[in-house]
Amino acid sequence: MTEKKKGAARLPPGARVRAPQVLTALDALYPDARTELEFRTPFELLVATVLSAQATDVSVNAATPALFEAYPDAQAMSQAKAEDIEPLIRRIGLYRAKARNLAALARLLVERHRGEVPNDFDAVVALPGAGRKTANVVLSNAFGYPAIAVDTHVGRLARRLGLSTQTNPDKVELDLQRLFPRERWVFLHHALILHGRRVCAARKPECGACVMASFCPKVGVA
């Protein structure tokens, strides 16, 4: 792994006190937290994660069985054109662009990595349709790499809980890495997503039903 981060900003007041409280609460609420994307191989996880950008996991999981039946690995998908993939993912947002990316990334996996998803941050980021979040999701779930993938839920909760003031996902990631033990990063990512979906929604957070209400500063909550 070659990726490094520099230039850390100051953490919000009280963040280091709240962080262990947040982790304790999440442990109690979501002890088995994991990705809700359905996959069997690193390749399937990579494809599902690319498809999940600006789309729900539910919509991705509904589309991938037929997609993976048609293209079970990178070698098979590398032979496909974008227009072959489009009908299989049509119900997912931005499906045309994602179909192009999937066809291209499959070809690169075959050309550069013998058809296998590389266990390397920079190599995954270099794939079409992938980025920092995709690399973190794939490497953490497929290879056990400690990472925090910052999506809209993780970013929102990090700010609302007073763990970060940043809006840039990369900077939010850095703040969370400074606050939580490295061995808990993957769990934290998944648990925050679940809490964001089930309790701490963007528009109408259920603060009255939240076990973290007593210490959450509710930043940005009217």
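Predicted model: local features only at pLDDT ≥ 70, side-chain atom pairs only at ≥ 80, totals over all residues.
Numbering starts from 1 along each chain as its sequence is written, and side-chain values rest on heavy atoms, with hydrogens and water left out.

Eight salt bridges are present in the structure, a salt bridge being a side-chain nitrogen of Lys or Arg within 4 Å of a carboxyl oxygen of Asp or Glu. One of them pairs aspartate 27 with arginine 184, whose closest N and O atoms are 2.7 Å apart. This pair links distant parts of the chain, 157 residues apart: aspartate 27 belongs to helix α1 (residues 15-29), and arginine 184 lies in the loop between α10 (169-179) and α11 (185-198). Helices are DSSP runs of H or I with at least four residues, strands are runs of E with at least two, and both are numbered from the N terminus. Aspartate 27 is partly exposed because its relative accessible area is 29%, and arginine 184, at 22%, is likewise partly exposed.

A further salt bridge joins the side chains of arginine 197 and glutamate 36, with an N to O distance of 2.4 Å. Here too distant parts of the chain are linked, since arginine 197 is in helix α11 and glutamate 36 is in the loop between α1 and α2 (42-51), 161 residues apart. Arginine 197 has a relative accessible area of 36% and is therefore partly exposed; glutamate 36, with 35%, is also partly exposed.

Aspartate 170 and arginine 132 form another salt bridge through their side chains, at 3.7 Å from N to O. The two residues are 38 residues apart and link distant parts of the chain, with aspartate 170 in helix α10 and arginine 132 in helix α8 (residues 132-143). Aspartate 170 is partly exposed at 37% relative accessibility, whereas arginine 132 is buried, its relative accessible area being 18%. Elsewhere, salt bridges with shared partners join Glu36, Asp57, Arg197 and Arg198 into one network.

According to an unreviewed UniProt entry, residues 51-198 carry the annotation "domain: HhH-GPD"; such annotations may be inferred rather than shown by experiment, and their positions are given in the numbering used here, with feature names shortened. In the model, the span of residues 51-198 is 64% helix and 0% strand, and its end C-alpha atoms lie 22 Å apart.

Conventions. Buried < 20%, exposed > 50% of the residue type's maximum accessible area, 1.4 Å probe, protein only.
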